[in-house]
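These are my notebook entries on one structure. I set down what I looked up, entry by entry.

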Amino acid sequence: MALEGFRCKNPYEILSADEIEKIHVGSLEVLEETGISVADRRSRQILEDGGCQVDHETERVKFPPDLVQWAIDQCPDRFTLRARNPELSLDLGGDLVYFASFPGFTWLDPETQTRREASVDDCAMLVRLCDALPMVHTLCQPVAHLGDKPPEVELEWVHAIELRNTDKTIMGTAFGGSSKWLVKMVEVCDQQTLGGICIASPLVIPADQAQGILDYAESGNPQLILSGPSKGATGPATMAGTLVLQNVEILGGTVLAQLANPGCGVMYMGYATPMDMRFGTMASGSAEVGIMAVATAQLARYYGMPSGVFFPMTDAKTPDPQAVYEKHLQTFLCATAGVNYIMPLGGLDNEGTHSPVQMVIDNEICRMVGKVLEGIQVDEERLAIDLIKEVGPVPGNYLKTEHTRQHWQEEYLIPEVGVREEFNTWVMSGSKGVVERATEIARQLMDTHQPNPLPKEAEVELQKILVAAEAEKIVQ
Amino acid sequence: MIENDLIAELKEAVIQGIPEKAVAAAERVVELQMDPVEAFESGLKPGISEVGEGFASGKLYLPDLVLSAETMKAAAKVLEAEISRTGTKRSEVGKVVLGTVQGDLHDIGKTIVATLLSSHGFDVIDLGVNISPDQYIEAVRREKPDVIGMSSLLTVTAKELGIVISKLKEQDLREDVKVIVGGGAVTSSYAEEIEADGYGQNAELGVRMTKFLLSVEG
């Protein structure tokens, strides 16, 4: 049993089979001749024992093509991400499409629209909103930074807050050794996490990320391996070149994961973003991000791995038209390309801000895009030939038929934030725009939604793990 | 006459961002025993400052700016060797040591800051990424900069900024340099908490803060 996502039956494609082959062959060449710098000693040893050519002095690891192919063959084409509530588990891979929340460094206060550092209480409230919104199939932590906890353990705290405030599945991290503690936390909560590994472009697996690959592989948690070259800065200026680099980095991490635990679940995850050449910022809301997402889904299918993207994103600072058109384009492209794990909900300002108001608007975008994936059901009942003949010309109409009453709901999507009423009715109900309406919904959900509580015994164990993490990580 | 041509060529090479051309011109300057300070001040500097202005006004883009800064760096190396050999001295706006803190490999933001600072006439020593507190201390002793700039994009490494500042105090070096911090994980309140002298939220504000702290006009 798993959460029902959407299905992408005929994925949109942008690369030809021949172009994918060129990216693959080029990637093998880079992996073999240049390799990747792996900063963790134990990981390098595992790679060396597995057949890589390793220079421990320079930390450089070169990957023979046969070994890369072996690792690709080990990857399951779909895997389950187990929730403690089995109905909320994800079945990742195939034609299934799921939506996830997106993190920010700070969060945007709904009423004042100002950026704030999140406290433990703020974070819990944001997680409850993720729990409440139906299009959040799974969570990435809404905020990555807590103002009221020591930085050494803030990610451990964030994950504990997630586990306490939702029984949906959560994405893990590896920064600062957080993977070690998260695998213990999800174990006592009787669930899995989708471990999140970030490769540093170009061509470096930092020590904590390498350790994270091992932690998740060895503990039996599936993981996503995320590469995010910035086109023109930490990757080539061309999309094709950036896709090669992204591919090299994901495959390199995959080899380590498969050597550590052959057959473990690895998601192929892209985060390639152009750099804006005027400001040096990541152009995270650009169309190119969506274009490369389509290619990322194709490459993952080529390798027989579930796919993910660390976006849709926007560079807009507030929930405004730019936020909506940038995120909508990317969400639409990702979903119709059949990306299995898409993260549209709540992000603003690249990774700068998480916004509850934007969450509610994105929830609506996801419902609409999901509707697109559902397509059109064509059968005798729905073709309604007999009905059309029966109703005939005007003054016949369909509003008064039983057929309409029976079928309209399954085919309609009633917007929660979008305005549909005619002008005067809209004025009489306060002339509220989308942002105002979304703010009211977000506030109401944050104040009243009650998640399913974490079992008492798990809560006690979770607390013990936090205490142990603090004792080990905070240098007195 | 040749002297003026060479200086014009240095300037042009920086504007075009062609290191080989600038190095060849700088080597000719040395060969002809021209004044290396003059070549620096009238060739390289106006060149990079023109590129800096072009970038600020939106006519040029980061790849232009970065390649021009690389060109200037390559030619400056040739001229500086000659300057120190002849024992002359060129005027300096100020010297800045930059780096990304230990545990963080993010390079681009800091590189943009370095490039913008050099286009504003600062001497910039870019230590690179993953720089330990001891490496910062050593660089302060060695380079005697007016400012050190530190960057952290990751929240888990932001604490390193405070550690470096404490080390500077321990080593009695804190009064010798101004400290500016920036990067994705750094807020102005955190900068205040660790007693940095300045906070640069982005590259442009970092440059402005550097100028402000050193009382440089413009």
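Where does the second largest pocket lie, and why? I found that domain 1 (2-86) and domain 2 (95-213) of chain B both give residues to its lining, so the pocket lies between them. Domain bounds come from an automatic or database domain assignment.

I noted the conventions. The model is predicted, so local features need pLDDT of at least 70 and side-chain atom pairs pLDDT 80 or more, while totals for chains, interfaces and linings use all residues. Residues are numbered from 1 along each chain as its sequence is written, chains are lettered from A and ligands numbered from 1 in the order written, and side-chain values use heavy atoms, without hydrogens and water.

I then read the pocket's volume, about 620 Å³. A pocket is an open set of points on a 1 Å grid over the protein atoms alone, where a 1.4 Å probe fits, with protein on both sides within 12 Å along at least five of seven lines; lining residues have an atom within 4 Å of a point. Grid points are joined across faces, edges and corners, and the volume is the space filled by probe spheres set on them.

I listed 26 lining residues, of which B:K73, B:A76, B:E80, B:D123 and B:V124 lie nearest the centre. Helix 4 of chain B gives the largest share, 9 residues. Helices (H or I, at least four residues) are DSSP runs, numbered from the N terminus.

Finally, I turned to the two chains: 14 residues of chain B are in contact (heavy atoms within 4.5 Å) with 21 residues of chain A.

How values were computed. Helix = DSSP H or I, 4+ residues; strand = E, 2+ residues; numbered from the N terminus.
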